[in-house]
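Good morning, and thank you for making time for this presentation. I would ask you to keep the sequence and the structure in view while I speak.

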Amino acid sequence: MPFTRTTASADTCVLSDFITGGRPDLLTQLYPDGIWVDAAVIVELTDQFGASCRDRAQAAGLNLLVERGYDAAHYAEMAEIKRTRPGMRHADIVTVVLTRKIGGTCLSSDAAVRKTCKERGLRFAGHLGCLQVGIERRLLGKDDAGGLLHLFLDNGLYLPQVEVRRFLQGS
């Protein structure tokens, strides 16, 4: 159960979509003990939003905790993931490793990240899961969740149409 944990590690796609949608606070409410990221994620967010991206996220209710303390075992796991999934970007790989390190949930929309987490027994949640649990916990309304989903899709998020329809019909 990904939403039984109170901390998460997030990759760029989830963070950028919730920031763009004006609801990064939802991630904080779902994971009140913090959203951890690697510096590589901060670099990608800075490329997208500019130098003030962390300030913008914090002003909207999301304090990103940056991890810089990896040991040899973490680097070995990163290398193993890169060997088995050479197409994965560093920010995605380190998000998986960071998830294990913090004992939290991995937040991503990337299929390779999802598969890697599943293979490694790590909790995983994507956009739809966050929106659905947000509705269930009354953190946002059904219409607001549907609006955010459409915004995410308009901004380039790929989700199978069957999942989108199922979410919109059920929410």
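This is a predicted model: local features need pLDDT of at least 70, side-chain atom pairs count only at pLDDT 80 or more; totals for chains, interfaces and linings use all residues.

Let us begin with helix α1, which covers residues 12–20. Is this helix mostly covered or mostly open? It is mostly covered, as seven of its nine residues are buried. The buried residues of α1 are Thr12, Val14, Leu15, Ser16, Asp17, Phe18 and Ile19. Just past the end of α1 comes Gly22, where phi is positive, at about 75 degrees.

Thr12 belongs to α1, and it counts as buried because its relative accessible area is 8%, where the limit is under 20%. Which residues does Thr12 contact, once its neighbours within four places in sequence are left aside? They are Val41, Glu44 and Leu45. With Glu44 there is also a polar contact between the two side chains, at 2.4 Å.

I turn now to helix α8, residues 127–136. Seven of its ten residues are buried, so α8 is largely enclosed by the rest of the structure. Those buried residues are His127, Leu128, Cys130, Leu131, Val133, Gly134 and Ile135. What covers them?

Is Arg138 buried or exposed? Arg138 is exposed, because its relative accessible area of 74% is over 50%. Gly141 is found in that loop as well. With a relative accessible area of 31%, Gly141 is partly exposed. Between the C-alpha atoms of Gly141 and Cys13 there are 23 Å, and along the chain the two are 128 residues apart.

Next, the empty space. Rolling a probe the size of a water molecule over the atoms shows where such space is left. How much space lies in the largest pocket? The figure is about 300 Å³. Its lining is made up of 14 residues, and those nearest the centre are Ser109, Arg114, Leu159, Pro160 and Glu163. Two elements, α7 (111–119) and α8 (127–136), each contribute two or more residues to this lining. Helix α8 gives the largest share, namely three residues. Sorted by class, the lining has six nonpolar, five polar and three charged residues.

I come to the aromatic residues. A pair of aromatic rings is described by the distance of the centres and the angle of the planes. How many aromatic pairs does a search of the whole structure find? It finds three, and I shall present two of them.

Phe18 sits in helix α1 and Phe152 in helix α9, so the pair ties together parts that lie 134 residues apart in sequence. Both Phe18 and Phe152 are buried.

Another pair is formed by Tyr70 and Tyr75, and it is edge-to-face, with 6.0 Å from centre to centre and 65 degrees between the planes. Are its two members buried or exposed? Tyr70 is buried, at a relative accessible area of 14%, whereas Tyr75 is partly exposed, at 47%.

Finally, let me point out His90, which is in helix α6, residues 90–102. His90 counts as partly exposed because its relative accessibility is 44%. Leaving out residues up to four places away in sequence, His90 touches Asp38, Ala40 and Met78. His90 and Ala60 are 30 residues apart in sequence, and their C-alpha atoms are 27 Å apart in space.

Thank you for your attention.

Key. Residues are numbered from 1 along each chain as its sequence is written. Side-chain values use heavy atoms; hydrogens and water are left out. Buried means under 20% relative accessible area, exposed over 50%, partly exposed in between (1.4 Å probe, protein chains only). Helices (H or I, at least four residues) and strands (E, at least two) are DSSP runs, numbered from the N terminus. A polar contact is a pair of N or O atoms within 3.5 Å; within protein, one must be able to donate a hydrogen and the other to accept it, and residues adjacent in sequence count only if both atoms are side-chain atoms. Contact means heavy atoms within 4.5 Å. On a 1 Å grid over the protein atoms alone, a cavity is a set of points where a 1.4 Å probe fits but cannot get out, and a pocket is an open set with protein on both sides within 12 Å along at least five of seven lines; lining residues have an atom within 4 Å of a point. Grid points are joined across faces, edges and corners, and a volume is the space filled by probe spheres set on the points. Ala, Val, Leu, Ile, Met, Phe, Trp, Tyr, Cys and Pro count as nonpolar, Asp, Glu, Lys and Arg as charged, and the others, Gly among them, as polar. Rings of Phe, Tyr and Trp (its six-membered ring) pair if their centres lie within 6.5 Å; planes under 30 degrees apart count as stacked, over 60 as edge-to-face and the rest as tilted.
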